[in-house]
Amino acid sequence: MFDVIIPTYKTPIPFLKKCLESLSKQTCKDYTAWICDDMMKVINKYPNINYIKQRGTGVSQARNQIIKMGSQSYVAFLDSDDEWDENYLTNMKKQIISYSNSDTG
């Protein structure tokens with residue numbers, strides 16, 4: 001359902017590890033995760049994450065590069081120094097389904 005895009009640039013390793021741990025703890029597992037940059041030593045621990053070497057510069061370019069490669073219906077952005085509550089994607093999915101099922105007139 002989601003392409004989770006995590007652009008990184010000189011993110012301190014402890015922050016990135018917390019970010020990826022919060023993603024791995026999501027109750028909703030219907031996502032494909034993407035990291036764009038040079039953080040291979042950290043993401044080898046997370047084999048379910050797709051690694052892409054950024055072709056340009058800047059966070060916007062990284063996000064756009066991955067959006068073109070993604071295959072899910074929805075995109076979620078997770079900054080490499082942030083963490084999500086374990087129900088974040090589940091709550092997003094519920095809202096999407098609720099909105100899709102409502103009469104928007």
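Contact here means heavy atoms within 4.5 Å of each other. The structure is a predicted model, in which local features need pLDDT of at least 70 and side-chain atom pairs count only at pLDDT 80 or more, while totals for chains, interfaces and linings use all residues. Residues are numbered from 1 along each chain as its sequence is written, and side-chain values use heavy atoms, with hydrogens and water left out.

Four strands form an open sheet in the order β3-β2-β1-β4, with parallel pairing. The edges are taken by β3 (49-52) and β4 (74-77), each with a single partner strand, so one side of each is left without a neighbour in the sheet. From one strand to the next, the twist averages 25°. Strands (E, at least two residues) and helices (H or I, at least four) are DSSP runs numbered from the N terminus, and two strands pair if DSSP finds at least two bridges between them.

Strand β1 (residues 2-7) pairs with β2 (residues 31-36) in the parallel sense over six bridges, and with β4, also parallel, over four bridges. Residue D3 has a bridge partner on each of these strands: T32 in β2 and V75 in β4. For V4, the bridge partner in β2 is A33.

Now to the helices. Together with β1 and β2, helix α1 (residues 13-24) makes a right-handed β-α-β unit; right-handed means that, with the strands pointing away from the viewer, the path from the first strand over the helix to the second runs clockwise. In helix α3 (residues 59-69), the buried residues are A62, R63, Q65 and I66. Seen down the axis of α3, they fall within an arc of 160° (taken from the directions from the helix axis to the C-beta atoms), so they line one face of the helix. Their cover includes β1, β2, β3 and β4.

Finally, S80 sits in the loop between β4 and α4 and is buried, with a relative accessible area of 6%. Not counting residues up to four places away in sequence, S80 touches I6, P7, T8, T11, F15, L16 and C19.

Conventions:
Axes fitted to C-alpha atoms, helices over the stretch in contact; angles between N-to-C directions. Buried < 20%, exposed > 50% of the residue type's maximum accessible area, 1.4 Å probe, protein only.
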